[in-house]
Amino acid sequence: MDSNLEFDAARAFAGQEHNHFIGGEWQPGASAGKIDSIDPGSGTVIGQIAAGNAEDVDHAVDAARAAFPAWSATGGIQRAKLMWALADALMANASALAMLESLDNGMPARMAGFGVMGAAENLRYNAGWAGKLAGETVSMSAPDHQAFTIREPVGVVGAIVPWNFPLAMAVAKLAPILAAGCTVVLKPAELTSMSALKLAELIAEVGFPAGVINVVTGHGAEAGQALVDHPGVAKIAFTGSTATGKGLLASAAGNLKRLSLELGGKSPTVIFADANLAAAAEGAAMSVFMNSGQVCVAGSRVLIQRSVFDQVIEAIVARARAIRVGSGQAPDTEIGPLISGQHRDRVLGYVEAGRSEGAEVLAGGKVRQGEGFFMEPTVFVNARPEHRIMREEIFGPVVAAVPFDDAEEAIAMANDTEYGLSASVWSREIGTALGAARKIDAGTVRVNGGAGLDPAMPFGGFKQSGWGRENGREGVLAFTETKSISIKL
């Protein structure tokens, strides 16, 4: 399909009237409230979504609760077939979804296309677990007993996803939920709900039973909070900021609602002198500049062994200056805009804080004037451990590079953070690389550019980067409860 036609189709979809997807039907909101959807590349309104409230969430939870008994009793093979059908539908609409994602989020359309492919693979991987969630036989200490455990789906799940990878994150939540036999109410980010609404169209087309998957759009403080507070929701699966995650803990305290929290990060990239320095510099740069730094695992602290510091930082600065920043729909764009004007100003505030605290900017540091919310990739040196740019999650294309002398110092610096989501290590010496990987406090450690996210690999954080794990067997079991049964013989 021609890219111009794809763009026109994306704008046409965005401009339609959008309602909530509840009980297999499109239903208008309980209120007339609407939220503007803005193209970050131009700053213009491309459409509106319904501003859902507690009444809309209540209807969606009722639909999910009504669908739960039949869905949880549906055989794993049948659930898997529907998940595969949805994966096929994603791929059949991949170009259209990628352009819609690019228009709504600002990311390059090519990157959005990889996100669609990843979402399809996520569904296919998790479909394989649908018929394999078995318990185990237990040898009891009491005589004349037969005992075993079974895995049961937890119930209705509220899935709340962020705006940085809207479609991929939505599907990453839905896939294990469906495989476990749960039903779900999905609340996409109010800034980027378009791809979730298109996903709901495909869900209806492939034949998921009514109420198994419901989509309610709206602000986090209203629709999201109503979902967290709802007594009919057994579990919340949330990806977002650590501050919001802490708020969810307080909300869940009243009824001990189950929580999975994938939160923020301040991830280190550790480059030893014996590394492939060209590959390490490229990996370090794109770890933080990809998607304009709006990535939870962004390597926003680069720790470089002192003997090669100047060589590596020169390469990172050169890459930052060469990156093609532009509209997500332009074929040669490498990184697009930040998500909003408010977020751009927040990121710029961190740059100014870095300067005022004494760090030095070697590249970038400015916003691009004109339409859209663009910012130059920014490289700091001479930052100190107490500086805000070293301690707080910026969520923008900003990196601080500092030198270290030996592995012990590098590991201490890497762990000097309240976060522990991800880390990268670069070294040709396997003992050095694995030694650092073992000692760094992070849920995921990538060595020499290893893949950070895969449906088969558990993903989650240490410390204030979250609770629980997504992906892999652990990610599916997170949506189940273990029941123990003993029989007196």
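**Exercise 1.** At which residue does UniProt place the feature "active site", and is that residue buried or exposed?

*Solution.* The unreviewed UniProt entry places the feature at Glu 262; such positions are given in the numbering used here, feature names are shortened, and annotations may be inferred rather than shown by experiment. The model is predicted, so local features need pLDDT of at least 70 and side-chain atom pairs count only at pLDDT 80 or more, while totals for chains, interfaces and linings use all residues. Residues are numbered from 1 along each chain as its sequence is written, and side-chain values use heavy atoms, with hydrogens and water left out. Glu 262 is found in strand S11, residues 258-262 (strands, E, at least two residues, and helices, H or I, at least four, are DSSP runs numbered from the N terminus). With a relative accessible area of 4%, Glu 262 is buried (under 20%; exposed is over 50%, partly exposed in between; 1.4 Å probe, protein chains only). Leaving aside neighbours within four places in sequence, its contacts (heavy atoms within 4.5 Å) include Met 169, Cys 296 and Glu 470.
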